[in-house]
Amino acid sequence: MEHSPPKFHVLMILVLWTVVTAAFIGIAEGHRHHRRAGGATEVEVFHYAAAGARGCRAHVASLTDFGGVGDGVTSNTAAFAAAVANLSKVAYDGGAMLVVPAGRWLTGPFNLANHFTLFLDHDAVILATQDINEWPIIDPLPSYGRGRDTAGGRYSNLIMGYNLTDVVITGHNGTVDGQGETWWEMFNNKELNYTRGYLIELMYCRQVLISNITLVNSPSWNVHPVYSSQVIVSGITILAPVNSPNTDGINPDSSSNVRIEDCYIVSGDDCIAIKSGWDEYGIAFNMSSKHIVIRRLTCISPTSAVIALGSEMSGGIQDVRAEDITAIHSESGVRIKTAIGRGAYVKDIFVRRMNLHTMKWVFWMTGTYGQHPDDKFDPKAIPVVQNISYSNVVAENVTMAAKLEGIPGAPFTGICIYNVTAEVVRSKKPIWNCTDVEGVSSHVTPTPCALIPESPDRITHCPFPEDVLPVDCVGLKECSYQRTKP
């Protein structure tokens, strides 16, 4: 495959999916020669840790090879499309990588490919176009039945993947800027006919890695793996004004074996929101979110949750493990949102080692979060919430310790709270507000409500699984790439 000569010379560290139980071929080094116009040759040097038959990407090109211009003004929509189309033709042979070098690269939405890496070099900024005509209209998600902002379809997402295997978005902390202020104004003014797109959406994908990048000012949600599995989001920064609408950080949706770690999020909505479809559409689609690990997360979200489960959870949410969480100026530490009509379940949720600073609620759960896609939901679809464990939590400057509101006739059960200290500021509100819940507690200050009674002689801990999930058997291996001119 021939390309015009690149304009850059960089050393890159890539992160590679490597199943630790697989047989490694070992460290390999290769040279690939491309013929330049006039007969000169450039040399590309690869060092990679190989897993199975593949290692780092064998085919590498710069966006400038396809006519990209990083001046922040010229549209690069066609350049991104051409780059992905050309590299996808050779990606089956050792994978392909598209490098976005330093510069400001204005673009409309574009798709990724199988066995593909999008690499944002240091000082590279992908700028989402504010020309609404460059955002195609796509179908609503089948598990939602409509767009979340409006009925009907939705605007395309900026960076998309559909039915892909082995896709990586990484870099030297390059940036994707959604330039979302225009979208937020149109949403707040009710001027949109379709739902806003997300910054990154990967649908029906597996073996996904998103790492070492910064996402800012998304029109709506930032990272949305949906109907996907084997997803790792590691070491990313997400920034949005705290008053921006629906700028959730990372939203695994009807997805399994997801690992979120070492991320810093400032958001106008939930930092992490786990979802699985909306009312009758989610019930019919019937794909749960499960086996999700969240660790070493730092969150700021004054009007929303550090970790939310729901409210769209009609395919079910099960086996979520969160630990080593820090939050500052956030509304609630853990929030479970559901309602009559959702059906399904939120169960086996395990949280430990949280440090919370300036919160409205440490824990909040409600069965009356009653936003519905339409009036066709089944009022007999009663969600089940059970086996919720919180351990080793320290919170300071808190308005209420907890607001726990189940569903009359269908209480939330199996709640366990252990070794929790909440420093509650003076407030006219009750310290604990509990209705239609059942559980136990031990070593909790201030004293919990009567529905979560203290049992220090019987409760020495709350459960946290000790087994290893498949997604934790995926190691992140370094590999490097250097491209030099002769």
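Mentor: In this predicted model, the count of cavities of 30 Å³ or more comes to three. The second largest cavity holds about 50 Å³ of space, and among the residues that line this cavity are Leu 141, Tyr 144, Arg 146, Arg 148, Trp 221 and His 224. Sorted by class, the lining of the second largest cavity has four nonpolar, three polar and three charged residues.

Turning to the rings, the count comes to 12 aromatic pairs. One of them joins Trp 135 and Trp 183, whose centres lie 5.3 Å apart with 75° between the planes, an edge-to-face pair. Trp 135 lies in the loop between strand 10 (124-128) and strand 11 (137-138), while Trp 183 belongs to helix 2 (residues 181-188), so this pair ties together parts that are 48 residues apart in sequence. Both Trp 135 and Trp 183 are buried. The pair of Tyr 227 and Phe 285 is tilted, because the ring centres are 4.5 Å apart and the planes stand at 35°. Since Tyr 227 lies in the loop between strand 19 (223-226) and strand 20 (229-234), and Phe 285 in helix 3 (residues 279-285), that pair ties together parts that are 58 residues apart in sequence. Tyr 227 is buried, with a relative accessible area of 5%, whereas Phe 285 is partly exposed, at 26%.

Ring pairs also link Trp 135 and Trp 183 with Tyr 155 and Tyr 194 into a cluster. Charged side chains meet rings as well: the charged end of Lys 337 sits over the ring of Tyr 369, 4.9 Å from its centre, and Arg 352 lies over the face of Phe 464, at 3.7 Å from the ring centre.

Conventions
Residues numbered from 1 in each chain as written. Predicted model: local features only at pLDDT ≥ 70, side-chain atom pairs only at ≥ 80, totals over all residues. Heavy atoms only, no water. 1 Å grid on protein atoms, 1.4 Å probe; cavity = no way out; pocket = protein on both sides within 12 Å on 5 of 7 lines; lining within 4 Å. Points joined across faces, edges and corners; volume = space filled by probe spheres on them. Nonpolar A, V, L, I, M, F, W, Y, C, P; charged D, E, K, R; others polar. Phe/Tyr/Trp six-rings, centres within 6.5 Å; stacked < 30°, edge-to-face > 60°. Helix = DSSP H or I, 4+ residues; strand = E, 2+ residues; numbered from the N terminus. Buried < 20%, exposed > 50% of the residue type's maximum accessible area, 1.4 Å probe, protein only. Lys NZ or Arg CZ within 6 Å of the ring centre and 35° of its normal.
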